[in-house]
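Biologist: I'm new to this one, could you put it up and take me through a few of its charged side chains?

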Amino acid sequence: STVSVLYWSLGKMQNVANTGLATFRTGSGADKYFRIAALSAIGAIGVYFWAKDSESMFWSEVAIPIYKRSSFDEEYLHAKFVRLLSRGKGPFDYSTPGTNLAMELFGKKLSHPVMLGAGVDRNGECIFGCLGLGFSGVEIGSITPQKQAGSGMPRVFKFRSDDAIIHRLGNPSRGLAVVAYFLEQYRQWEHRIGHPSHTSLIGANIARNRISSDLIDDARIGVKIMSESADYISVCLPPPRSHGENIIQSKEWLEDVINTCQAARQKLPDEHRKPILLKITADATEADRKTLSSVALQKKIDGLILSGSTVQRPGLISFHYMSKHAGVLSGEPVKDMSLQLISDVYKMTNGKIPIIGSGGISSGRDALAAIEAGATAVQLHTALVSYGPPVVPAIKRQLSLALHDQGYHNVKDAVGVAHKAANS
């Protein structure tokens with residue numbers, strides 16, 4: 001186990017230290033430098049094995065506290081973390097999910113419903129590393145057809161007291177061609193090592209380029225290119241610029257988006273016809289929710305991602321400071337808005353469309369609340385930033401215990417229960 005490796009490493013370090021001290025007293029200068037180098041090397045190995053376990057105290061007691069107190073640029077740290085994961089040197093979740101978390105979604109048999117939302121692996125560079133953190137699925141993106149740099153710096157702001165992030169990224173992306181290449185490389189690697197692809201879910205989130213006049217054509221291109229290697233395609237409906245503004249331009253516009261995507265899918269070989277999902281933010285107005293639900297049912301959309309980001313600033317401790325920053329808010333403060341969105345859409349669709357819930361989920365109780373409101377699975381993003389790799393196994397463990405405590409035999413039994421209880 002990791003603990004045993006840690007104790008072994010510490011023991012070796014102590015032996016070398018004791019020997020080194022004796023050498024310092026009697027040995028030559030060269031011996032002293034050799035001992036220092038050996039001690040440093042073994043210490044580094046010990047720390048590496050210590051950090052490799054995502055549940056080790058290295059993350060909860062060392063790395064995360066340092067991160068929360070640091071003034072490093074958020075994007076710089078994000079880039080370093082992605083690079084670490086892409087090289088296979090990131091932390092790994094060695095825990096085993098409870099059997100009551102096993103589920104099936106879009107034809108994949110997943111060991112649990114906790115997935116990583118779009119925004120972490122924007123270009124498909126570290127899929128294996130993200131799965132190694134303990135997620136059952138990873139959503140890549142947002143991906144735009146053409147490469148774009150996004151908004152100017154700085155564009156990401158963290159707020160420790162609220163466990164929240166405000167960003168105005170502007171969808172930085174290396175473009176569909178590059179992301180499709182990375183995803184195909186992952187699939188080839190998966191095939192070489194014999195990794196069962198049916199046990200994880202890899203999605204591609206498509207957004208429009210800033211220079212594009214409309215989402216429709218960009219979504220068509222995204223479906224055409226990404227369907228070969230992705231397990232599902234999610235189309236991101238552009239968020240509103242201000243509170244109260246409708247996200248969905250009209251019912252006809254939404255129908256055009258869906259029709260275009262489904263027509264593009266129909267032209268592909270059978271094995272490349274993947275589920276198409278729509279993604280909408282928590283700023284969806286009542287009209288948005290009704291239109292989305294009715295059109296999704298009418299067009300038989302495969303699923304919905306009800307995302308917990310917002311242009312609003314609900315119930316924030318650091319409101320006066322945060323209100324100075326333009327952009328979308330994600331994290332703990334958005335939890336109630338996200339739950340309400342999930343609940344409303346589940347009710348309006350009569351539970352007939354799978355929902356992936358996102359927004360403010362940082363514990364097993366949060367995940368269960370989203371599932372009982374109508375989500376089939378959940379996605380994390382800001383919680384990973386705020387609490388680090390230990391949050392993933394912690395949520396899975398807490399969710400399994402919460403299901404057991406509430407008397408659910410399996411996680412699927414909890415989906416939409418809040419509505420059944422209200423109607424009984």
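Biologist: Is Asp302 buried or partly exposed?
Modeller: Asp302 counts as partly exposed because its relative accessibility is 25%, where buried means under 20% relative accessible area, exposed over 50% and partly exposed in between, with a 1.4 Å probe and protein chains only. This is a predicted model, in which local features need pLDDT of at least 70 and side-chain atom pairs count only at pLDDT 80 or more, while totals for chains, interfaces and linings use all residues. Residues are numbered from 1 along each chain as its sequence is written, and side-chain values use heavy atoms, with hydrogens and water left out.

Biologist: And which side chain does Asp302 meet in a salt bridge?
Modeller: Asp302 meets Arg265, at 2.7 Å from N to O, a salt bridge being a side-chain nitrogen of Lys or Arg within 4 Å of a carboxyl oxygen of Asp or Glu. Arg265 lies in helix H8 and Asp302 in the loop between helix H9 and strand S10, so the pair ties together parts 37 residues apart in sequence. Arg265 is buried, with a relative accessible area of 15%.

Biologist: How many salt bridges are there in the whole structure?
Modeller: A search finds 16, including one between Lys396 and Asp93, whose closest N and O atoms are 2.6 Å apart. Lys396 and Asp93 are both buried.

Biologist: What about Lys108, which residues is it linked with in a network?
Modeller: Salt bridges link Lys108 with Arg187, Glu190 and Asp231 in a network. Within it, the closest N and O atoms of Asp231 and Lys108 are 3.2 Å apart, and both of these residues are buried.

Technical notes:
Helices (H or I, at least four residues) and strands (E, at least two) are DSSP runs, numbered from the N terminus.
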